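Me: I have a structure open and a few things to ask about it. Can we start with the ligand and then move on to the packing?

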Amino acid sequence: MSTEPLLAVRGLAVVIGGRHILHGVDLDVAPSGVTALLGRNGAGKTTTVRGVLGLVPRTGSVRFLGEETVRLATHALVRRGVGYAPEDRGIFAALTVAENLRLAERPGAGGPAYGLVHELFPELKARAKQLAGTLSGGQQQMVAIGRTLLNGNRLIIADEPTKGLAPKVVTEVARVLERAAQAVPVLLVEQNLAMVRRLAEHCVVLADGRTAHRGPAADLLADPEATRRLLGVGRRADAVSEENPMAPQDTGTAATSAADSGKAGA
Ligand SMILES: Nc1ncnc2c1ncn2[C@@H]1O[C@H](COP(=O)(O)OP(=O)(O)OP(=O)(O)O)[C@@H](O)[C@H]1O
C-alpha cells in the first residue's frame, strides 16, 4: 500500500475580514484509517477543514491524490472524491432518510453506492422512510456519514461528529466512524480524546492557527505533558477501559472530555 499521504496540506493560511485565522497549517492524511485533527477551542480546526475544501479564501498548498487543488473551486475538489460531514450535520429534517441520501448522489461511474452504505449502516435502510428530523443524534450522524460514502469518495472529512451528543450516542457515532473508516480514510476533527484513542492512528494538533504537533495519536495520548501543553488536558487521556470504551463527554472541550471523565487515571 502507498505510504504517500492522501491529502498533504502545507502552509495553509486563511484571512477572514482582515483577521489572520490560519498562519501556516501543515497536515497529512494517511491513505487509510483515521487521522485526527485536534486543538483547543478556537485553534483553527474548522477553518482548516473549510480552507482545505475551498469554502474560505486560502493560500498555501493542498495536494489531494498527488495533485495540487488549492486553486480548485469546492465543487471541483468534491468531484475528485472528498466527502464532507459538516459540524452541524447538514441534515434536511423535513425529508426522509432516503431523500437525504438521494440528494447527495453525484453522477459518476457505477452509480451511487447504496450497497456499501446499507451494508455499513443497515439502520439507514430500515429507516429509509423516516423523517430525518425524528432520528436520534447518532442516527443523524449515520445519515451524514452515509452520504459521504455514496459516491466512491477517496476521503471523508468529519467535523466534530460527537459535539453536543450524550455519552451513549458518542459510542454509537464511534461505531459509525469505525465502520466508515474501514471503507474510506477519514480526517476527523474531534475534541473527545476517548474517540481519538479508539479511532485514530495519526494526529495533527493545531494551536493559534498553526500546526503545533504531528505524530501517532497513541503517543500523544500517552504523554501527559504533551496533552497538557497542547490540549489543556491535565491527566492521561488514554485511560479508557474496555468495558466502557468511550469516556463521557462533558462540555465538549478536550480538557473536560478526558480529564473529567473519571476514567482518566495516572
Ligand atoms: N468567519 C469568521 N470570521 C471571523 N472569525 C472567524 C471566522 N471563523 C472562525 N473565526 C475565528 O477563527 C478562530 C478559529 O476558529 P475555528 O472555528 O476554526 O476553531 P476551532 O478549532 O474549530 O474551534 P472549536 O473547537 O471551538 O470549533 C476563532 O477565534 C474564531 O472565532
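Me: By class, what is the shell around the ligand made of?
Reply: This is a predicted model. In it, the shell has 7 polar, 3 nonpolar and 2 charged residues.

Me: Which residues surround the ligand?
Reply: I16, G17, R19, I21, G39, N41, G42, A43, G44, K45, T46 and T47.

Me: And which element gives the largest share of that shell?
Reply: Helix α1, with 3 residues. Both α1 (45-53) and β2 (19-29) supply at least two residues each.

Me: OK, switching to α7. How many residues does it have, and how far does it reach?
Reply: Helix α7 covers residues 167-183, which is 17 residues. From first C-alpha to last it reaches 25 Å, close to the 24 Å expected at 1.5 Å a residue.

Me: Which of its residues are buried?
Reply: In α7 the buried ones are V170, E172, V173, A174, V176, L177, A180 and A181.

Me: Now the largest nonpolar core. How many residues, and which have the most contacts inside it?
Reply: The core has 70 residues, and L177, L188 and V196 have the most contacts inside it. Its largest share, 7 residues, comes from α7.

Me: What is L188 in contact with, leaving aside neighbours within four places in sequence?
Reply: L188 is in contact with V34, T35, A36, L37, A158, L177, L199 and A200.

Technical notes:
Residues are numbered from 1 along each chain as its sequence is written. This is a predicted model: local features need pLDDT of at least 70, side-chain atom pairs count only at pLDDT 80 or more; totals for chains, interfaces and linings use all residues. A residue is near a molecule or strand if its C-beta atom, placed from the backbone, lies within 6 Å of it. Helices (H or I, at least four residues) and strands (E, at least two) are DSSP runs, numbered from the N terminus. Ala, Val, Leu, Ile, Met, Phe, Trp, Tyr, Cys and Pro count as nonpolar, Asp, Glu, Lys and Arg as charged, and the others, Gly among them, as polar. The expected span of a helix is 1.5 Å times one less than its number of residues. A residue is buried if 20 or more other C-beta atoms lie within 10 Å of its own, exposed if 12 or fewer, and partly exposed in between; C-beta atoms are placed from the backbone. A nonpolar core is a set of buried Ala, Val, Leu, Ile, Met, Phe, Trp, Tyr and Cys residues joined through C-beta atoms within 7 Å. Two residues are in contact if their C-beta atoms, placed from the backbone, lie within 7 Å.
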